[in-house]
Amino acid sequence: MTANPIDLTLELRAANGSSTEFYESDEDRVREALRLLAAPQLFAQDHLLLASQHGASMIPCKGIDMILVRTFARAPLKFPLNLPQGRFDIVERPEAWPDKTSVATDGPGGPPPGQPRRRSLQVEIHTLGGWTVTLKAVAMIRGNSQDERQLFAHLPEVPTLPFRLEEGGFGLINTANIIRAHAWPKPAALPGIVLPLALRRWTPSRVHNPANLSEVTSS
(Lines give C-alpha, C1' and ligand atoms only; values in the text may rest on other atoms or scores of the structure.)
Protein backbone atom coordinates (compact mmCIF):
# COMPACT_ATOMS: atom_id res chain seq x y z
CA MET A 1 0.00 0.00 0.00
CA THR A 2 1.39 3.38 -1.03
CA ALA A 3 1.50 6.05 1.67
CA ASN A 4 -0.33 9.31 1.11
CA PRO A 5 2.36 11.80 -0.08
CA ILE A 6 0.74 14.66 1.81
CA ASP A 7 0.07 12.95 5.14
CA LEU A 8 1.75 14.04 8.37
CA THR A 9 3.05 12.22 11.44
CA LEU A 10 3.79 14.38 14.47
CA GLU A 11 5.91 13.02 17.32
CA LEU A 12 6.08 14.91 20.61
CA ARG A 13 9.11 14.04 22.76
CA ALA A 14 8.43 15.02 26.33
CA ALA A 15 10.52 16.18 29.29
CA ASN A 16 9.54 13.01 31.20
CA GLY A 17 11.10 10.78 28.53
CA SER A 18 7.83 9.72 26.91
CA SER A 19 6.87 10.00 23.24
CA THR A 20 3.40 10.65 21.75
CA GLU A 21 2.42 10.46 18.07
CA PHE A 22 -0.38 12.18 16.15
CA TYR A 23 -1.39 11.60 12.54
CA GLU A 24 -3.35 13.40 9.81
CA SER A 25 -3.99 12.54 6.15
CA ASP A 26 -6.45 15.23 5.08
CA GLU A 27 -4.58 17.63 2.79
CA ASP A 28 -6.18 20.83 4.06
CA ARG A 29 -5.66 19.89 7.71
CA VAL A 30 -2.04 18.93 7.03
CA ARG A 31 -1.35 22.31 5.44
CA GLU A 32 -2.99 24.17 8.34
CA ALA A 33 -1.01 22.13 10.87
CA LEU A 34 2.27 22.87 9.07
CA ARG A 35 1.47 26.58 8.99
CA LEU A 36 0.91 26.64 12.76
CA LEU A 37 3.95 24.49 13.53
CA ALA A 38 6.23 26.81 11.54
CA ALA A 39 5.44 29.75 13.85
CA PRO A 40 8.73 30.91 15.49
CA GLN A 41 7.01 31.48 18.86
CA LEU A 42 5.49 27.98 19.05
CA PHE A 43 7.11 27.09 22.40
CA ALA A 44 6.55 30.58 23.81
CA GLN A 45 2.83 29.85 24.36
CA ASP A 46 1.57 28.14 27.51
CA HIS A 47 -0.06 25.12 25.89
CA LEU A 48 -0.03 23.24 22.60
CA LEU A 49 -3.55 22.32 21.48
CA LEU A 50 -4.15 19.41 19.08
CA ALA A 51 -7.61 18.49 17.80
CA SER A 52 -9.00 15.86 15.46
CA GLN A 53 -12.60 15.44 14.35
CA HIS A 54 -13.25 13.28 17.43
CA GLY A 55 -11.11 14.62 20.29
CA ALA A 56 -8.61 17.17 21.53
CA SER A 57 -5.36 17.18 23.50
CA MET A 58 -3.79 19.99 25.52
CA ILE A 59 -0.07 19.70 26.37
CA PRO A 60 1.95 22.30 28.34
CA CYS A 61 4.76 23.58 26.11
CA LYS A 62 7.22 23.52 29.00
CA GLY A 63 6.77 19.73 29.08
CA ILE A 64 7.78 19.29 25.42
CA ASP A 65 11.48 18.84 24.60
CA MET A 66 11.14 18.57 20.84
CA ILE A 67 8.68 17.98 18.02
CA LEU A 68 9.39 15.87 14.93
CA VAL A 69 7.23 16.67 11.92
CA ARG A 70 7.51 13.88 9.34
CA THR A 71 5.91 14.69 6.00
CA PHE A 72 6.61 15.10 2.29
CA ALA A 73 4.15 17.98 2.03
CA ARG A 74 5.57 21.42 1.30
CA ALA A 75 6.03 23.32 4.56
CA PRO A 76 6.14 27.10 5.11
CA LEU A 77 9.36 26.63 7.09
CA LYS A 78 12.11 27.01 4.48
CA PHE A 79 15.77 26.02 4.77
CA PRO A 80 18.28 27.62 4.79
CA LEU A 81 16.69 29.87 7.43
CA ASN A 82 17.09 33.54 6.57
CA LEU A 83 17.81 35.28 9.89
CA PRO A 84 19.09 38.83 10.54
CA GLN A 85 22.56 37.42 11.32
CA GLY A 86 22.72 35.36 8.11
CA ARG A 87 21.47 32.20 6.39
CA PHE A 88 21.44 28.95 8.38
CA ASP A 89 20.96 25.37 7.18
CA ILE A 90 20.54 22.98 10.15
CA VAL A 91 19.99 19.30 9.40
CA GLU A 92 19.68 16.16 11.54
CA ARG A 93 22.71 13.87 11.50
CA PRO A 94 21.43 10.63 13.13
CA GLU A 95 24.76 8.83 12.83
CA ALA A 96 26.83 8.25 15.96
CA TRP A 97 29.23 10.56 17.80
CA PRO A 98 30.20 13.45 15.50
CA ASP A 99 33.70 13.89 14.12
CA LYS A 100 35.73 16.12 16.41
CA THR A 101 37.98 17.38 13.64
CA SER A 102 37.50 20.85 12.26
CA VAL A 103 35.14 21.17 9.31
CA ALA A 104 35.56 23.42 6.31
CA THR A 105 35.17 27.16 6.80
CA ASP A 106 36.52 30.15 4.91
CA GLY A 107 39.95 30.01 3.35
CA PRO A 108 43.13 31.13 5.17
CA GLY A 109 42.71 34.69 4.01
CA GLY A 110 39.04 34.82 4.94
CA PRO A 111 36.27 36.28 2.75
CA PRO A 112 36.61 39.72 1.12
CA PRO A 113 35.54 42.65 3.33
CA GLY A 114 31.76 42.98 3.50
CA GLN A 115 31.13 39.39 2.32
CA PRO A 116 29.36 36.76 4.49
CA ARG A 117 31.60 34.30 6.37
CA ARG A 118 30.88 30.57 6.15
CA ARG A 119 30.85 28.59 9.39
CA SER A 120 30.16 24.86 9.62
CA LEU A 121 29.92 22.80 12.80
CA GLN A 122 28.22 19.82 14.40
CA VAL A 123 26.16 20.22 17.54
CA GLU A 124 24.98 17.50 19.92
CA ILE A 125 21.96 18.61 21.96
CA HIS A 126 20.68 16.90 25.12
CA THR A 127 17.27 17.71 26.60
CA LEU A 128 15.51 17.26 29.94
CA GLY A 129 13.75 14.06 28.87
CA GLY A 130 17.01 12.33 27.94
CA TRP A 131 16.56 12.92 24.20
CA THR A 132 19.68 13.46 22.10
CA VAL A 133 19.95 14.87 18.60
CA THR A 134 23.06 15.57 16.51
CA LEU A 135 22.81 18.42 14.04
CA LYS A 136 25.04 19.77 11.31
CA ALA A 137 24.79 23.56 11.02
CA VAL A 138 26.13 25.56 8.09
CA ALA A 139 25.88 29.33 8.39
CA MET A 140 26.69 32.28 6.14
CA ILE A 141 27.15 34.96 8.81
CA ARG A 142 26.78 38.61 7.87
CA GLY A 143 28.80 41.35 9.55
CA ASN A 144 31.98 41.09 11.64
CA SER A 145 33.23 38.92 14.51
CA GLN A 146 31.20 41.01 16.96
CA ASP A 147 28.03 40.05 15.08
CA GLU A 148 29.06 36.38 15.34
CA ARG A 149 29.59 36.76 19.08
CA GLN A 150 26.15 38.34 19.44
CA LEU A 151 24.64 35.40 17.54
CA PHE A 152 25.79 32.91 20.19
CA ALA A 153 24.86 35.32 22.98
CA HIS A 154 21.23 35.53 21.84
CA LEU A 155 20.74 31.92 20.71
CA PRO A 156 19.39 30.74 24.12
CA GLU A 157 16.77 33.50 23.92
CA VAL A 158 15.18 31.94 20.81
CA PRO A 159 12.24 29.80 22.06
CA THR A 160 12.30 27.38 19.10
CA LEU A 161 15.31 25.91 17.27
CA PRO A 162 14.21 24.38 13.93
CA PHE A 163 16.11 21.80 11.89
CA ARG A 164 15.26 19.74 8.83
CA LEU A 165 14.90 15.97 8.61
CA GLU A 166 16.69 14.31 5.71
CA GLU A 167 13.81 11.86 5.16
CA GLY A 168 11.31 14.73 4.84
CA GLY A 169 9.88 17.26 7.25
CA PHE A 170 11.48 19.16 10.10
CA GLY A 171 12.16 19.14 13.82
CA LEU A 172 11.63 21.77 16.52
CA ILE A 173 13.64 21.93 19.76
CA ASN A 174 12.35 23.73 22.84
CA THR A 175 15.49 25.67 23.81
CA ALA A 176 14.20 26.13 27.37
CA ASN A 177 14.54 22.34 27.87
CA ILE A 178 18.13 22.00 26.60
CA ILE A 179 20.43 20.79 29.38
CA ARG A 180 23.62 20.76 27.28
CA ALA A 181 24.75 21.56 23.74
CA HIS A 182 28.24 20.56 22.62
CA ALA A 183 29.73 21.87 19.36
CA TRP A 184 32.67 20.86 17.13
CA PRO A 185 34.77 22.73 16.21
CA LYS A 186 34.65 25.50 18.82
CA PRO A 187 32.84 28.61 17.52
CA ALA A 188 35.18 31.43 16.55
CA ALA A 189 33.58 33.79 19.08
CA LEU A 190 31.86 33.03 22.40
CA PRO A 191 29.91 35.39 24.68
CA GLY A 192 30.47 36.07 28.36
CA ILE A 193 32.82 34.21 30.71
CA VAL A 194 34.23 30.95 29.30
CA LEU A 195 35.66 28.26 31.60
CA PRO A 196 38.84 26.71 30.06
CA LEU A 197 37.75 23.07 30.42
CA ALA A 198 37.35 20.17 27.97
CA LEU A 199 34.44 17.70 27.95
CA ARG A 200 35.65 14.44 29.53
CA ARG A 201 32.60 12.29 30.26
CA TRP A 202 28.80 12.41 30.22
CA THR A 203 26.56 10.13 32.30
CA PRO A 204 22.90 9.67 31.25
CA SER A 205 20.14 10.62 33.67
CA ARG A 206 19.12 7.99 36.22
CA VAL A 207 15.60 9.48 36.38
CA HIS A 208 14.49 9.25 32.75
CA ASN A 209 15.13 6.70 30.04
CA PRO A 210 17.50 8.53 27.70
CA ALA A 211 16.88 7.98 24.01
CA ASN A 212 19.04 8.88 21.05
CA LEU A 213 17.21 10.23 18.02
CA SER A 214 18.90 7.65 15.79
CA GLU A 215 17.82 4.74 18.01
CA VAL A 216 14.08 5.46 17.94
CA THR A 217 12.08 4.22 14.95
CA SER A 218 8.74 5.65 13.98
CA SER A 219 5.74 3.48 13.31
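**Buried, exposed and joined**

Visitor: Why is E166 called exposed?
Guide: E166 has a relative accessible area of 51%. Exposed means over 50%, buried means under 20%, and partly exposed lies in between (1.4 Å probe, protein chains only). So E166 counts as exposed.

Visitor: What makes E166 and R93 a salt bridge?
Guide: Their closest N and O atoms are 2.4 Å apart. A salt bridge is a side-chain nitrogen of Lys or Arg within 4 Å of a carboxyl oxygen of Asp or Glu, so this pair qualifies. The partners come from distant parts of the chain, 73 residues apart: E166 is in the loop between strand 10 and strand 11, and R93 is in the loop between strand 7 and strand 8 (117-127). Helices (H or I, at least four residues) and strands (E, at least two) are DSSP runs, numbered from the N terminus.

Visitor: What kind of model is this?
Guide: This is a predicted model, in which local features need pLDDT of at least 70 and side-chain atom pairs count only at pLDDT 80 or more, while totals for chains, interfaces and linings use all residues. Residues are numbered from 1 along each chain as its sequence is written, and side-chain values use heavy atoms, leaving out hydrogens and water.

Visitor: How many salt bridges does the structure hold?
Guide: There are eight. One of them joins E11 and R13, at 2.8 Å between the closest N and O atoms, and both of these residues are buried.

Visitor: How do you know that L34 is buried?
Guide: L34 has 0% relative accessibility, so it counts as buried. L34 sits in helix 1 (residues 27-37).

Visitor: Which residues is L34 in contact with?
Guide: Contact means heavy atoms within 4.5 Å. Leaving aside neighbours within four places in sequence, the partners of L34 include L8, V69, T71 and F170.

Visitor: What makes a nonpolar core, and how many residues has the largest one?
Guide: A nonpolar core is a set of buried Ala, Val, Leu, Ile, Met, Phe, Trp, Tyr and Cys residues joined through side-chain atoms within 4.5 Å. The largest has 21 residues, and L34 is among those with the most contacts inside it. A second, separate core of 14 residues includes L121, W131, L135 and I173.
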